Structure formats: C-alpha cells, structure tokens
Amino acid sequence: MKRTLTFLGGLALVVALFGFLVYRLIHMVHQASEKEPATKSFTLSQEQASAFARLALKGIQREYPNKPDHVLNNAADAKNPRALHPAFYGCFDWHSSVHGHWLLARLLRHFPELPERDQIRNVLAEHLSEKNLKAEADYFAQPNRQSFERTYGWAWLLKLAEELHGWDDPGAKTWSRNLNPLAAVIVTRYLDFLPKQTYPIRTGVHPNTAFGLAFALDYGRATQNQLLIEIIEERSRTYFAGDVSYPAAWEPGGEDFFSPSLMEADLMRRVLPPDEFRSWFRRFLPGIENGEPKTLLTPATVSDRTDPKIVHLDGLNLSRAWCMRNIAAALPRDDPARSILADSAARHAESALSHVASGDYAGEHWLASFAVYMLSTPGPG
C-alpha cells in the first residue's frame, strides 16, 4: 500500500512538474509572439514610406475642407486658404500642411529611390518657392498675428527647416535657402515670446509648451543658434526642473494627441545631463518602474476615427510611443523603467500604425507625420 502511495505521489509530482514546464513554454511563446510585432513596428520600410508619402501628397495639395486660424484686420483679409498661404494651404490647417511637407522631405532624404520621388520633388519645388515662402513670412508680420500657430506650428516649421538644413541635395539646398527667412521669423517669435511666458502650458493639444520647446531646441542645436539654445534650456529648467510626482494618472484627456507628462520628460532628457535627468525622472514619474500609472502605459481607445477630436487619440498613441522610446534610451540599461517604457511604446505603436490610413480625412491629413516621426526615433538599443 505504501509503495502504491509513494508511486502515486511521485507520479503526481512528475505530472505537476510537466504541467509547469508546459505552462512556462506556452508563456514564453506568448511573450515572444507579443514582442514580434513590436520589433517590426519600429522599422520604416520603403513600402510604408511610399504609403505615407501618398497620404501627404494628397493632403498638402487639397485646399478644402480647411480650418484657417486667421484674424481679419479688414475686409481685404477675407481670402481663400491658397491666397493666404501659398506654400501651406492644404491638409485642413496650416500646421498640418507644414508637417506634411516635413514628412515628404524626410522620406525623400532617407528613401531616395521612393516611387513617388519625382512627384515629391515637383510638389516641394512648387510650394517651397522663394515667392511663396516670402508671402508666408509676410503673413506673420501683419497686425494681430503674434500668436498665430504658437507654438505647435512654429515647432513643425523649424523641424522642416532642420530636415532641409545641411542636406547635400540640389533641390533641398534651394528649398532650405527659400525657407530660411520664414525660419528666422519663427526663431524671433520664440525669442520674443519665451521671456514673457511666465507659466508653461500643460495641455495634450497644440499649445503644449514642452513640445514647442523640444523641436525648437533640436533646430537650434542643428543650426548652432546659441541664443535660441540658451533661452530654451533656461526656460525648460525654470518651467519643469522642480516637477515631482506628476499626476499622469489623469491622462489621457478625450482629445489629446500629446501626453503632457511624457512630452515634458522627452524635453528634459534633451536639456539635462544624463545623470541629472535620471534623478529628475525618478522624482517626476516615480511609479513607472512598477508599471504605474496604467492609464499612461496603456494605449488609448479610439472610438470614432471620423471625429476630428476623438481621432487625436491615434496621434496620442504615436507620440507617446516616440516619447517613451526616447526616454527609455536616456535611462541606464539596468533601470527597470527602461523595459517598462520600451514595451509600452511597442504596444502604443502597434495600436496606432494600422489606423494611419483609416479612410477618413479627419486622421489621414496628419497622422502619417506622427507615424514617420515615431518610426524615426532610434529608441533604446
């Protein structure tokens, strides 16, 4: 009897051990299957680049529907979008048109054999002419336009200028030269405005201060504009260096395309030296290494991609992904927050990339730019 019980006990142990091994094997396979799309998500193929280029080409040449952010000083200012903005009249609004042009320049630079390359060159040459860009610069000089596109459109204009700067291509050199006067106007706007901006704007949409500073800082460093660099670094520290335990659990809002917390951290990893940033980040979002807050690390649900505000959440998933990847890359390899952020970035990217071309203009006129920028971030090695 004892031998029988011993045998049965041993058998039960073997069965339990076998079951555990099967469970672990299934779990490992499941984890691998979850990680596979994430790896693919951050590789921009020529096929994807071609699809994104077609979306941008369609948008930047489409004048209507259009949402102008336009102050009428007199009756003569009542003009159609193309008359007001001969370079950036398409894509529903000025800033989307600007980053649509950035997308095309970016793709042409990195995929010179793109099937759409000739069409891209023709459109950029037409839109970024000296005459057109002078008209755009003159628009900023008119009364009551000091806050026009502040600072979202400003930031993307400098990102376009940065992309063209130093590109050893005959067409790009011409477009860069033509764009420089408008870029100088935008830089002057930053230099005039930032000393007067007492408080940062912590929003998930266009006026977000951290985003506007981050892209302007990239431009300043690329062009070695020391005055711009210094004021942005000073303002960034003044606005954000003292932030602790940021209430990121309140995110997202219902029409966000930025995460205020992650956008701030993505700015500060540019501004602070590595060790200082790591200490700051631990104080700023102390729960990240434990996977908290879950609302920040879980992709946002997009319930209606035909709604121009709700579809912002697809953009949120893309911008969260690029911020998380950048932040993770700035952390030590043994920092537990690094893998948490990298895994969450992969889930956010996977959630949004398949919806960039949704079939509805509400998202299609701008999401490709967010996707290409997200796919351009190197992320953690």
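## Aromatic pairs and a helix crossing

Tryptophan 94 is buried, at a relative accessible area of 4% (buried means under 20%, with a 1.4 Å probe and protein chains only). This is a predicted model, where local features need pLDDT of at least 70, side-chain atom pairs count only at pLDDT 80 or more, and totals for chains, interfaces and linings use all residues. Side-chain values use heavy atoms, without hydrogens and water.

Phenylalanine 88 is buried too, at 1%. Rings of Phe, Tyr and Trp (its six-membered ring) pair if their centres lie within 6.5 Å, and planes over 60 degrees apart count as edge-to-face. The count comes to 31 aromatic pairs. Two are tabulated here.

| Pair | Centre to centre | Between planes | Class |
|---|---|---|---|
| Phenylalanine 88 and tryptophan 94 | 5.5 Å | 80° | edge-to-face |
| Tryptophan 156 and phenylalanine 215 | 5.0 Å | 85° | edge-to-face |

Tryptophan 156 lies in helix H7 (residues 152-164) and phenylalanine 215 in helix H9, 59 residues apart. Helices are DSSP runs (H or I, at least four residues), numbered from the N terminus. Tryptophan 156 is buried at 0%. Phenylalanine 215 is buried at 1%.

Helix H9 (residues 209-223) also meets helix H11 (residues 260-271). Their axes, lines fitted to C-alpha atoms over the stretch in contact, come within 8 Å and cross at roughly 30°. H9 and H11 are therefore roughly parallel (angles under 35 degrees). In H9, Phe215 is among the residues in contact with H11 (heavy atoms within 4.5 Å). On the H11 side are Met263, Glu264, Leu267, Arg270 and Val271.

Definitions and conventions. Residues are numbered from 1 along each chain as its sequence is written. Axes are lines fitted to C-alpha atoms, for helices over the stretch in contact, and angles run from 0 to 180 degrees between N-to-C directions. Helices (H or I, at least four residues) and strands (E, at least two) are DSSP runs, numbered from the N terminus. Angles under 35 degrees count as roughly parallel, over 145 as roughly antiparallel, 65 to 115 as roughly perpendicular and the rest as oblique. Rings of Phe, Tyr and Trp (its six-membered ring) pair if their centres lie within 6.5 Å; planes under 30 degrees apart count as stacked, over 60 as edge-to-face and the rest as tilted. Buried means under 20% relative accessible area, exposed over 50%, partly exposed in between (1.4 Å probe, protein chains only).
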